[in-house]
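The sequence and the model come first, and the description follows.

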Amino acid sequence: MALVEVSVPDIGDFKDVAVIELLVKVGDTVKVEQSLVTVESDKASMEIPSSHAGVVRALRVALGDVVNQGSPLVELEAAAVAAAPAPAPAAAAPATPAAAAPAPAPAAAGSGRVEVQVPDIGDFDSVAVIEVMVKVGDTVKVEQSLITVESDKASMEIPSSHAGTVREIKVKLGDKVAQGSAVLVLDGVAGAVAAAPVAVAAAAVAAAPVAAPAAERTPPTAALPPHEPTALKAALPHASPSVRRFARELGVPLDEVRGSGPKGRITQDDVQGFVKGVMAGATQTNAQKAVAPKPAAAATGGGIPGLLPWPNVDFAKFGPVERKDLSRIKKISGANLHRNWVLIPHVSHHDDADITELEAFRVQTNKDNEKAGIKVTMLAFMIKAAVAALKKFPEFNASLDGDQLVYKQYFHIGFAADTPNGLMVPVLKDADKKGIVQISTEMGELAKKARDGKLGPADMSGACFSISSLGGIGGRYFTPIINAPEVAILGVARSQTEPRWDGRAFQPRLMLPLSLSYDHRVIDGASAARFSVYFASLLADLRRIVL
């Protein structure tokens with residue numbers, strides 16, 4: 001093995017660029033062309049790739065350092081020193097007009113009208129439009145940014161080569177463009193003007209691809225903040241392409257993340273911290289802090305035609321008041337719950353399960369395994385019974401996708417966990433492949449992560465069916481709200497001993513109240529009743545699961 005020093009390659013006219021992000025750390029294994037650092041000039045950001053493969057033994061730069069071509073970045077322990085140098089990074093187009101290749105003269109579309117095209121953008125080929133910054137009727141100036149495009153390593157804003165009024169926009173979000181692609185048509189153009197250089201932005205919106213399937217468009221179980229990718233924003237979030245890609249994967253709206261890097265730049269740690277804050281119910285503020293809509297703003301009845309406006313009351317007239325902001329987790333979950341309640345036609349079916357023998361078996365099992373530290377919970381039995389019921393009634397293990405039902409062949413069960421920061425729903429994956437003891441163990445681990453605020457998005461996504469248990473608190477029946485895109489949820493209240501007629505006399509039996517909410521578009525009342533009866537029979541005699 002040999003030590004190789006990886007340096008900044010030829011980055012064109014960029015000089016004295018600042019290191020704004022370190023993408024690797026000591027001990028990481030990197031591949032050829034894997035990005036090592038992100039640097040930024042006044043008009044562009046780019047990721048510098050590695051010219052060799054190997055293990056990082058030392059970092060030669062720190063955040064805020066200024067580098068140029070030839071500046072050392074990392075020291076690698078590489079198998080071969082003679083590896084072919086990596087090509088210059090897919091950097092933004094030249095930052096100075098002198099270095100910029102002139103845009104092709106756009107063809108006139110009529111008298112005083114011109115078609116603005118994508119100019120020479122260097123090594124970029126077939127890049128995606130991730131933001132449209134103008135609309136029909138807008139007046140634009142020379143060099144005013146029209147759209148933002150993004151490759152896998154950099155983003156840039158495409159400026160206008162002419163001044164005029166936007167008559168027609170030729171591109172939309174998600175379109176692929178290259179040099180010469182038509183961007184828009186301008187009216188009122190007074191003669192030709194010099195082609196403007198490409199102005200490269202240091203960030204891009206965290207918008208999901210336009211062609212994403214419906215399953216990806218559904219908000220994650222983690223209940224991250226809903227946002228509108230197509231909405232125009234006052235300023236783009238300050239983040240590198242890799243961070244934006246990471247945020248898109250987690251469904252994080254970057255304009256709500258507070259950056260801790262140089263010049264307020266958003267780092268991967270900031271995105272992870274934002275997700276942790278959401279999970280923990282912490283309120284995170286930034287320049288565009290999301291606030292809950294106030295009732296007074298609902299003067300039009302929340303946007304629903306014919307609905308009376310929300311009462312606008314000065315409560316202080318009647319006595320002392322105190323105002324507190326809703327916690328972030330309540331703002332987020334509230335929006336999701338509202339959507340689910342309004343859009344899903346809920347019906348709730350109530351029933352009781354006789355768990356007398358099952359509870360006795362559970363208690364005895366825990367006594368027998370007390371020395372081994374094994375503790376089986378009633379919820380573990382309910383998860384196992386839920387899997388069996390989902391197999392018997394597959395429409396409960398489905399999701400609506402337009403006019404189609406998606407029947408899932410896996411069995412991931414979400415369960416509500418009460419934490420100091422609010423209610424969270426971890427997901428137990430592949431419950432059909434696990435026994436009662438393993439389910440109890442994994443539930444305990446997930447519940448601890450929830451209490452400690454350490455649940456990640458992967459721990460809270462992918463559920464097919466959820467169980468919300470209030471058994472430790474009390475109550476009888478309730479109507480749990482379905483967690484879209486699931487089609488049913490089971491609510492469980494506190495069990496209590498009741499007299500039950502056995503045909504000859506009343507006997508004391510331990511009864512567990514069940515509340516099954518279901519989506520009436522997918523499930524009818526008879527199916528819900530059969531599901532509930534079957535589920536209750538499994539708890540009454542768990543031997544039925546093996547049948």
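## Overall make-up

Among contacts between residues at least 6 apart in sequence, what percentage join residues at least 24 apart? In this chain 66% of such contacts do so, where a contact means heavy atoms within 4.5 Å. The model is a predicted one, in which local features need pLDDT of at least 70 and side-chain atom pairs count only at pLDDT 80 or more, whereas totals for chains, interfaces and linings use all residues. Residues are numbered from 1 along each chain as its sequence is written, and side-chain values use heavy atoms, with hydrogens and water left out.

The secondary structure comprises eight helices and 28 strands, taken as DSSP runs (helices H or I of at least four residues, strands E of at least two) and numbered from the N terminus. Of the 547 residues in the chain, 44% are buried, that is, under 20% relative accessible area with a 1.4 Å probe, counting protein chains only. The accessible surface, from the Shrake-Rupley method with a 1.4 Å probe, comes to about 27,200 Å², and 55% of it belongs to carbon and sulfur atoms.

## Packing of α6 and α7

Helix α6 (residues 378-392) packs against helix α7 (residues 436-451) at an angle of about 115°, with the axes 9 Å apart; the axes are lines fitted to C-alpha atoms over the stretch in contact, and angles run from 0 to 180 degrees between N-to-C directions. On the α6 side the contact is made by Leu379, Ala380, Phe381, Ile383 and Lys384, and on the α7 side by Ile436, Ile439, Ser440 and Met443.

## Nonpolar cores

The largest nonpolar core has 51 residues, and Met382, Ile383, Phe396, Phe465, Ile467 and Leu539 are those with the most contacts inside it; such a core is a set of buried Ala, Val, Leu, Ile, Met, Phe, Trp, Tyr and Cys residues joined through side-chain atoms within 4.5 Å. Elements that each supply at least two residues include α7, β25 (465-469) and α8 (525-540), while α6 gives the most, with twelve residues. A second, separate core of 21 residues includes Val114, Val116, Val129 and Val140.

## Leu428

Leu428 lies in strand β24 (residues 427-428) and is buried, with a relative accessible area of 0%. Beyond four places in sequence, the residues that Leu428 touches include Ile383, Ile439 and Met443. Leu428 and Gly462 are 34 residues apart in sequence, with 9.2 Å between their C-alpha atoms.

Note on methods: Buried < 20%, exposed > 50% of the residue type's maximum accessible area, 1.4 Å probe, protein only.
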